[in-house]
Amino acid sequence: MSNTKSAESTLSEPIFNRQALVRLILPLLAEQFLSVSMGMADTLMVSGVGEAAVSSVSLVDSLNILIIQILSALATGGAVISSQYLGRRDGEKAAKSAAQLYTVLAVSTIAVMLVILVLSRPILRIVFGRIDDDVMSFSQTYFLISAISYPFIGFYNAGAALFRAQGNSRISMLASLVMNIINICFNALFIYGLGMGVLGAALATLLGRVFAAAWVFWQQQQIENPLCIRHIADMKPDGDLIRRILGIGIPSGLENGMFQIGKLCVSSLTSTLGTSAIAANAVANTISGIANIPGSTMGLAMIPVVSRCLGAGDKKQAKYYAKMFILMAMFGLFCTNACLFFTIPYIARLFSLSDTALNMCVTVMHWFSLFSVLCWATSFTLPNALRSGGDARYTMTVSIFSMWLFRVILSYIFVLKLNMGLTGVWFGMFIDWICRSVFFMIRFVSNKWMDHNVI
């Protein structure tokens, strides 16, 4: 704490004081925990239906994450633009960019939803190939209901990103809290009370997302909010603002999309290892999300803080805060992964896995804990500093290159040539992390990420 205070004292008139950072970070931390716990609740509660149900939710969630990550990248673009305008003290442009973000997300999410409603089964066949009939049936049900929720999660992400741009993460945290309560309660009713299985889990998630979208948008429209949409005409497409949003959103979306497509290729490889491997991988992914909460929290907090500093023209503060968030992420990851390393054998038993799946899950999670401490923050928290400076094309290029060369190709080599099984899939991912860390650190130290003209 004394080191932070000493470093902070060297900055003239800090744009964010300690109290403002605490108000931003603590609700974000709670929100990330709630967000991850929703996926864990689905997997845990569905696990009582059987491994086929767990596998179907896992497979479809890998597709859901692909789509939601692409769409949420647009929200990141809007947050960077609005934050930089706020840093420049241009309230009119900041509010208009917020309205344009809602327009972009409304059009894109509805379009994706309609495509999936029409082509859900062919998409599942193309992505996952031949899977057991019961897994396919569950997967299609879960996919269709998930698609209906995309516009709602899009609006939630837009509103949450805009509140964070103002340094306010409390609204999205409260929405996430109630969303989780709704999800868990209706999971219990639909899955256990009415015996609806995977369909019940999907409906519970949908209801939670509908509430979250409505709540955040309503709060966004409060008159005292500097980013509220004051006139419906503000949502009429504005080419200049949309180009600025997409200038960050599209490279970030392509990065997220190619990243998730690579993960889907790896998921297809995992599916060839059998239902036990699919179930073990699903549980491991769910649990690893909890361990990564400190890193993802600091990454989200970094965007409005660094963007606001750069909008105000203060590169020194932008780099100082970026370093601070990275160090905080690394410390948090050490704490969560140290706990995970010793408790994973007991946590994994909660998911009703077979002995074979349980052993696979514990093995990969032990390795995960070690590599996460070493390089997760520099792989995934750090690039948000680069994106805040408009350096989204660089992060996109590095991520796509590293993903396909290391995570995808090496995974196939480790599994098909070296017979490493599920562990080989995860080792491909770890090497991907190391590559990302090297390239992102080089870019960060060079300061070139702060030279872009975003607004």
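This is a predicted model: local features need pLDDT of at least 70, side-chain atom pairs count only at pLDDT 80 or more; totals for chains, interfaces and linings use all residues.
Is Leu374 buried or exposed?

Residues are numbered from 1 along each chain as its sequence is written, and side-chain values use heavy atoms, with hydrogens and water left out.

**View 1. Helices α11 and α12, side by side.** Helix α11 spans residues 315–348 and helix α12 residues 355–381; their axes come within 9 Å and cross at roughly 180°. The pair is therefore roughly antiparallel (an angle over 145 degrees, on a scale from 0 to 180 degrees between N-to-C directions). Helices here are DSSP runs of H or I with at least four residues, numbered from the N terminus. By class, the contact has 18 nonpolar, five polar and no charged residues. Nonpolar covers Ala, Val, Leu, Ile, Met, Phe, Trp, Tyr, Cys and Pro; charged covers Asp, Glu, Lys and Arg; the others, Gly among them, are polar.

**View 2. The second largest pocket.** About 240 Å³ of space sits in here, the volume being what probe spheres fill when set on the grid points. A pocket is an open set of points on a 1 Å grid, probed at 1.4 Å, with protein on both sides within 12 Å along at least five of seven lines; lining residues have an atom within 4 Å of a point. Of the 14 lining residues, Gly247, Ile248, Gly390, Arg393 and Asn453 lie nearest the centre. Helix α8 (239–271) and helix α14 (392–417) each give two or more residues, and α8 supplies the largest share, six residues. The lining splits into six nonpolar, four polar and four charged residues.

View 3. Leaving out residues up to four places away in sequence, Gln100 touches Asp234, Met235, Lys236, Pro237, Asp238, Leu241, Ile242 and Ile245.

**View 4. Leu374 and Val210.** Back to the opening question: Leu374, in α12, is exposed, at 63% relative accessibility. Val210, in helix α7 (residues 197–220), is partly exposed at 31%. Val210 and Tyr150 are 60 residues apart in sequence and 9.6 Å apart in space, C-alpha to C-alpha.

How values were computed: Angles under 35 degrees count as roughly parallel, over 145 as roughly antiparallel, 65 to 115 as roughly perpendicular and the rest as oblique. Buried means under 20% relative accessible area, exposed over 50%, partly exposed in between (1.4 Å probe, protein chains only). Contact means heavy atoms within 4.5 Å.
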